[in-house]
Amino acid sequence: GAPWYLDCDTGIDDALTLGLLVAQGADLKGIGSVSGNLSAAGGARNTLDLLALMGRPDVPVAVGAHDPIDGLFAGGADFVHGANGIGGVELPHVGEPVAESAAEMLVRLAHAHPGALRVLAVGPLTNLALALRLEPALPSLVADVVVMGGAARVPGNVTAVAEANIINDPVAAQAVFDAAWPVTMVGLDVTMEARFEDNHRSDLASGGASARALAAMLGVYFDYYAPIFGRPSCALHDPLAAAIALGLVTPTLAPVVPIEVDATDGPGRGQTLVDLRSRFIGYPPQPGTRHRVVLDLPEGFGDVLAEELLR
Ligand code: BDR
Ligand code: CA
């Protein structure tokens with residue numbers, strides 16, 4: 001299989017993503033953390049502890065950027081993911097992060113696997129932007145980048161137009177979408193429709209040790225989403241991006257279109273500007289465009305994910 005680099009802010013749906021990648025036997029060469037749901041240091045801690053629980057203590061974890069490129073870390077999302085990022089579930093602390101930064105790790109892995117490295121980014125994009133600065137040739141060394149972030153045709157979840165991973169570092173997101181590598185954007189259009197329901201949570205609760213830990217974390221996450229969805233349920237943002245990257249889920253509507261990021265300080269800050277004119281109103285395709293935006297997903301992703309996490 002392909003070599004993978006995962007960049008995450010481990011968080012509850014990031015934890016589900018780790019479970020999916022491990023269940024799929026993804027060849028994880030390294031994982032970098034970034035501040036988002038919680039601090040980069042806290043995210044690395046959660047990642048190490050989860051990897052040990054999931055039987056993959058061999059995967060190196062690097063602490064990534066604490067602050068966004070042009071400011072200071074805004075302070076996390078404990079109202080969504082709990083104070084420790086994983087719904088208050090206490091895991092034994094296992095292992096230590098490696099000495100290199102996440103950006104250094106990404107650059108090193110890209111050189112070690114030229115043209116082959118798959119990059120999956122499910123947190124703010126700071127580490128990817130820093131890696132682009134360290135190694136301007138990075139886009140030609142990486143196979144592709146799959147991003148959970150943004151919103152093409154729907155509201156944001158932090159402001160009217162901005163999704164969390166993008167607004168936590170719009171300057172970095174702009175650099176990532178401007179770089180000459182193919183990016184697949186998996187945004188709120190589809191991730192808000194990808195759900196776990198109560199039956200999925202209770203199935204996980206009767207599974208093995210890591211499935212049970214994930215079920216316990218889902219308590220806090222369901223509490224956040226219940227009033228939004230009107231029933232016990234949650235959105236599966238990051239796991240859907242992983243499943244699309246892995247080819248486990250195949251969208252039928254995923255046009256290649258220009259994508260820009262608003263990194264200004266106005267009310268549009270953090271918006272992904274996805275140019276769908278060629279898709280919906282017959283304009284000719286833009287030349288030189290390389291990014292793909294996922295706009296639909298098949299039914300039943302929750303079933304697929306639960307089955308994987310119960311393997
Ligand atoms: C994204 O923000 C984080 O809270 C989640 O882990 C996901 O990556 C959803 O907007
Ligand atoms: Ca995340």
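Predicted model: local features only at pLDDT ≥ 70, side-chain atom pairs only at ≥ 80, totals over all residues.
Residues are numbered from 1 along each chain as its sequence is written, and chains are lettered from A and ligands numbered from 1 in the order in which they are written.

An unreviewed UniProt entry lists residues 5–285 as "domain: Inosine/uridine-preferring nucleoside hydrolase"; UniProt positions are in the numbering used here, feature names are shortened, and annotations may be inferred rather than shown by experiment. This span is 41% helix and 15% strand, and its end C-alpha atoms lie 31 Å apart. Helices (H or I, at least four residues) and strands (E, at least two) are DSSP runs, numbered from the N terminus.

The description begins with the sheet. Seven strands form an open sheet in the order β3-β2-β1-β4-β5-β6-β11, with parallel pairing; two strands pair if DSSP finds at least two bridges between them. Because β3 (61–62) and β11 (292–293) stand at the edges with a single partner strand each, one side of each is left without a neighbour in the sheet. Strand β1 (residues 3–8) pairs with strand β2 (residues 27–33) over six bridges in the parallel sense, and Asp7 stands opposite Gly32 in β2. Strand β5 (residues 142–148) is joined to β4 (residues 117–121) by five bridges, the two running parallel, with Val142 of β5 as the bridge partner of Leu117. On pairing with β6 (residues 183–186), β5 forms four bridges, also in the parallel sense; here Val146 stands opposite Thr184 in β6. Five of the seven residues of β5 are buried, so the strand is largely enclosed by the rest of the structure. A residue is buried if 20 or more other C-beta atoms lie within 10 Å of its own, exposed if 12 or fewer, and partly exposed in between, with C-beta atoms placed from the backbone.

Helix α1 has 12 residues and reaches 17 Å from its first C-alpha to its last, close to the 16 Å expected at 1.5 Å a residue; the expected span is 1.5 Å times one less than the number of residues. Of these 12 residues, 11 are buried, so α1 is largely enclosed by the rest of the structure. Among them are Asp13, Asp14 and Thr17. Gly25, which follows α1, has a positive phi near 65 degrees.

Residues of α1 also take part in the shell around ligand 1. Of the 16 residues around this ligand, Gly11, Asp13, Ala164, His237 and Asp238 come nearest, where a residue is near if its C-beta atom, placed from the backbone, lies within 6 Å. The elements giving two or more residues to the shell are α1 (12–23), α7 (164–167) and α12 (237–246).

Helix α11 (residues 209–229) has 21 residues that should span 30 Å at 1.5 Å a residue, which agrees with the 28 Å between its end C-alpha atoms. A kink of about 35 degrees is centred on Phe222; the bend at a residue is the angle between axes fitted to the seven residues ending there and the seven starting there. Phe222 is also one of the buried residues of α11, which include Leu214, Met217, Leu218 and Tyr221. Just after α11, Gly230 takes a positive phi of about 75 degrees.

Finally, Glu90 lies in the loop between α3 (78–81) and α4 (102–112). Glu90 is exposed, because 10 other C-beta atoms lie within 10 Å.
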